[in-house]
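Please read the following report beside the sequence and the model.

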Amino acid sequence: MRSPVVLGIESSCDETGAGLVADGKLLGHAVASSMDEHARFGGVVPEIAARAHVHSAMPVVRAALADAGLEMRDIGAIAVTTGPGLSGALQVGVAAAKGLAYALGVPLYGVHHLAGHVAADTLEHGPLPDPCVVLIVSGGHTSLLLVRDLARDPIVHLGDTLDDAAGECFDKVARVFGLPYPGGPAVDRAAREGDARAVAFPRPLTGPRDDRWAFSFSGLKTAAARWAEQHRAAGRPLPVADGAASLQEAVADVLTRKAVAACVEHGVRTLVVVGGVAANSRVRALAQERCAAEGIALRVPPLRLCTDNGAMIAAVGDLLVRAGAEPAPLDVSVDPSAPLEYASLVPRAGAGRAAVPELRRTAQAPAGAR
């Protein structure tokens with residue numbers, strides 16, 4: 001039997017996304033962004049984001065259906081981001097998903113946002129190798145993971161960010177440099193005209209005594225800010241292009257150095273790089289260069305699937321359906337700060353942490369998991 005068409009809904013931050021997936025294939029998707037409304041504030045304003053989701057949720061679902069050439073009655077299951085993210089924004093997406101699931105009489109699945117980023121790659125390159133190392137790098141998250149069966153197995157964290165994530169570092173330094181929000185794309189554009197060797201920015205947590213797999217970008221952010229302040233205090237023009245290129249090189253160096261080393265140490269032959277910062281040109285190029293040198297296969301989703309979107313949530317829902325996971329109960333809620341442990345995330349209203357579904361209770365941790 002063919003798997004049902006899964007509608008995925010994403011509303012964790014400032015993008016409202018809907019996607020349709022069946023049997024691992026992307027059928028159609030659409031995204032509406034409220035980024036322009038946040039730009040004048042230099043960052044995402046939660047209340048503005050939540051209101052934008054209210055206005056965009058159903059139009060985006062209809063646009064995704066039109067893109068796929070499908071109708072509402074063709075939807076066989078619904079998956080929705082239940083965390084982490086902005087509480088109000090998540091609530092809008094979950095409310096829309098519950099309403100549609102009830103009206104259509106189809107099962108509903110709660111999905112962890114970061115697992116969605118991991119699954120986004122499967123829509124372009126097929127099933128994930130078992131095992132693979134995954135580098136998630138975005139505005140709010142930088143994590144190095146060991147992934148086996150995404151739908152069934154626990155996700156093993158090799159290392160996470162201790163403070164600012166890579167994307168957050170880009171956003172904050174871009175503001176100091178006088179570049180527009182969002183900072184990541186602005187830094188990438190400015191860096192094209194700069195010299196990556198112009199400024200010797202630090203490479204945090206890459207020393208022999210540091211945690212090998214953890215990340216920290218707060219110190220790098222501070223170093224870049226002080227460099228800019230010194231130029232301005234001396235009355236010198238700020239060489240923004242050189243600063244952007246040097247900052248981007250430092251971030252890409254740390255990310256790819258640790259990710260490739262993790263593959264080598266754990267005997268894994270595939271590295272998957274996902275999340276919004278995976279769209280950065282230098283991160284992609286340096287990852288390709290270092291993976292090729294070590295004989296490691298590199299998988300990076302296309303640019304349209306790197307940033308938040310509903311297709312990635314539908315991809316997780318499709319995996320859960322095919323794995324026989326239990327649907328979410330009617331009282332599924334949101335967890336804005338949920339840790340990434342499993343692809344399925346089913347918080348219960350007023351119950352704290354999510355209950356573990358039957359499929360997950362029987363999953364075995366990978367050898368050497370810690």
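## Ser 333 and its surroundings

Leaving aside residues up to four places away in sequence, Ser 333 touches Thr 82, Gln 91, Val 94, Pro 347, Arg 348 and Ala 349; contact here means heavy atoms within 4.5 Å. Ser 333 sits in the loop between helix 11 (310–323) and helix 12 (358–361). Its relative accessible area is 16%, and Ser 333 is therefore buried. Buried means under 20% relative accessible area, exposed means over 50%, and partly exposed lies in between, with a 1.4 Å probe and protein chains only. Helices (H or I, at least four residues) and strands (E, at least two) are DSSP runs, numbered from the N terminus.

The model is a predicted one, in which local features need pLDDT of at least 70 and side-chain atom pairs count only at pLDDT 80 or more, while totals for chains, interfaces and linings use all residues. Residues are numbered from 1 along each chain as its sequence is written, and side-chain values use heavy atoms, with hydrogens and water left out.

Five strands make an open sheet in the order 3-2-1-4-5, and their pairing is mixed. Two strands pair if DSSP finds at least two bridges between them. Strand 3 (25–33) and strand 5 (108–112) are at the edges with a single partner strand each, so one side of each has no neighbour in the sheet. On average, neighbouring strands of this sheet are turned by 20° against each other, direction ignored. Axes are lines fitted to C-alpha atoms, for helices over the stretch in contact, and angles run from 0 to 180 degrees between N-to-C directions.

Strand 2 (residues 15–22) is joined to strand 3 by eight bridges, and the two run antiparallel. Strand 1 and strand 2 also run antiparallel, joined by five bridges. Some bridge partners of these strands are listed below.

| Residue | Partner | Strand of the partner |
|---|---|---|
| Gly 17 | Val 31 | strand 3 |
| Leu 7 | Leu 20 | strand 2 |

Strand 1 and strand 2 form a hairpin with four residues between them. The hairpin of strand 2 and strand 3 has two residues between the strands, and Asp 23 takes a positive phi near 50° there.

In a regular strand the side chains alternate between the two faces of the sheet. In strand 2, Glu 15, Gly 17, Gly 19 and Val 21 point one way, Thr 16, Ala 18, Leu 20 and Ala 22 point the other way, and all are buried. Eight of the eight residues of strand 2 are buried, so this strand is largely enclosed by the rest of the structure.

Helix 2 (residues 46–68) lies across strand 1 (5–10), strand 2, strand 3 and strand 4 (75–83), and runs at about 30° to strand 2.

## Glu 37

Glu 37 is part of helix 1 (residues 35–39). With 44% relative accessibility, Glu 37 counts as partly exposed. Not counting residues up to four places away in sequence, Glu 37 touches Ile 48 and Ala 52. Between Glu 37 and Ala 52 there are 9.2 Å from C-alpha to C-alpha, and the two are 15 residues apart in sequence.

Another open sheet of five strands has the order 8-7-6-9-10, with mixed pairing. Its edge strands, strand 8 (156–160) and strand 10 (297–299), each pair on one side only. Strand 7 (residues 142–147) pairs with strand 8 in the antiparallel sense over four bridges, and Leu 146 stands opposite Val 156 in strand 8. Helix 9 (residues 240–266) packs on this sheet and touches strand 6 (132–137), strand 7, strand 8 and strand 9 (270–274); the direction of helix 9 makes about 160° with that of strand 6.

The axes of helix 6 and helix 9 come within 11 Å and cross at roughly 170°. These two helices are therefore roughly antiparallel to each other, a term for angles over 145 degrees. The residues of their contact divide into ten nonpolar, two polar and no charged.

Seven of the nine residues of helix 7 (residues 183–191) are buried, so helix 7 is largely enclosed by the rest of the structure. The cover over these buried residues includes helix 6 (166–177), helix 9 and helix 10 (281–294).

Definitions and conventions:
Angles under 35 degrees count as roughly parallel, over 145 as roughly antiparallel, 65 to 115 as roughly perpendicular and the rest as oblique. Ala, Val, Leu, Ile, Met, Phe, Trp, Tyr, Cys and Pro count as nonpolar, Asp, Glu, Lys and Arg as charged, and the others, Gly among them, as polar.
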